Amino acid sequence: MKFAEFIGAQADEVAVLGSVSDAISAIATSLPIQREKSKIVFTDIDFPTVGHIWFAQKPLRNQLRSILNLMDMLNLLNVL
């Protein structure tokens, strides 16, 4: 079975990369800067490079929200 079929996607909707760091870096560096729009949210329990890559994107820094865990629980109520 093809990976795209396995996850319910079309083949042109899937990109397989070598690592989480490669994937996040590709996404972070290709996003258009839209200051009036959405936030970028990640957690302190994500793979450590996730936060490092996002914080390295200087034009996006005001859009970043890091959710801190409390006893392995995430409170999503006040994220945005």
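Predicted model: local features only at pLDDT ≥ 70, side-chain atom pairs only at ≥ 80, totals over all residues.

**Exercise 1. Work out what Gln57 touches and which backbone atom its side chain reaches.**

Solution. 

- Step 1: Skip the neighbours within four places in sequence; Gln57 is then in contact with Ala28 and Thr29.
- Step 2: Now follow the side chain of Gln57, which gets to the backbone oxygen of Ile53 at 3.1 Å.

**Exercise 2. Find the aromatic pair and say how its rings are arranged.**

Solution. 

- Step 1: Look for aromatic pairs; the structure has one.
- Step 2: Its partners are Phe42 and Phe55, with ring centres 5.6 Å apart.
- Step 3: The ring planes of Phe42 and Phe55 meet at 85 degrees. Planes over 60 degrees apart count as edge-to-face, so that is what we call this pair.
- Step 4: Phe42 belongs to strand β1 (residues 40-43) and Phe55 to helix α3, so the pair ties together parts that are 13 residues apart in sequence.
- Step 5: Check how covered each one is. Phe42 has 5% relative accessibility, so Phe42 counts as buried. Phe55, at 42%, counts as partly exposed.

**Exercise 3. Describe the surroundings of Thr43 and its spacing from Gly18.**

Solution. 

- Step 1: Thr43 is part of strand β1.
- Step 2: Its relative accessibility is 15%, so Thr43 counts as buried.
- Step 3: Leave out residues up to four places away in sequence, and Thr43 touches Ser66, Ile67 and Leu74.
- Step 4: Now try Gly18. In sequence, Thr43 and Gly18 are 25 residues apart, and their C-alpha atoms are 22 Å apart in space.

**Exercise 4. Identify the members of the nonpolar surface patch and take a look at Val16.**

Solution. 

- Step 1: The patch is made up of Phe3, Phe6, Ile7 and Val16.
- Step 2: Together, these residues have about 470 Å² of accessible area.
- Step 3: Zoom in on Val16, found in the loop between α1 (3-6) and α2 (20-30).
- Step 4: Val16 has 69% relative accessibility, so Val16 counts as exposed.

**Exercise 5. Give the phi angles of Met71 and Asp72, then decide how accessible each residue is.**

Solution. 

- Step 1: Start with the loop between β3 (69-70) and β4 (73-74), where Met71 is placed. Asp72 lies in the loop between β3 and β4 as well.
- Step 2: Phi of Met71 is near 55 degrees, a positive value in a residue other than glycine.
- Step 3: For Asp72, phi is near 65 degrees; again, that's positive in a non-glycine residue.
- Step 4: Exposed means over 50%. Met71 has 74% relative accessibility, so Met71 counts as exposed. Asp72, at 66%, counts as exposed too.

Technical notes:
Residues numbered from 1 in each chain as written. Heavy atoms only, no water. Patch = residues over 30% accessible without salt bridge, like charges linked within 9 Å, V, L, I, M, F, W, Y side chains within 5 Å. Areas by Shrake-Rupley, 256 points an atom, 1.4 Å probe, with all protein chains shown as cover. Salt bridge = Lys/Arg side-chain N within 4 Å of Asp/Glu carboxyl O. Helix = DSSP H or I, 4+ residues; strand = E, 2+ residues; numbered from the N terminus. Buried < 20%, exposed > 50% of the residue type's maximum accessible area, 1.4 Å probe, protein only. Polar contact = N/O pair within 3.5 Å; in protein donor to acceptor, adjacent residues only side chain to side chain. Contact = heavy atoms within 4.5 Å. Phe/Tyr/Trp six-rings, centres within 6.5 Å; stacked < 30°, edge-to-face > 60°.
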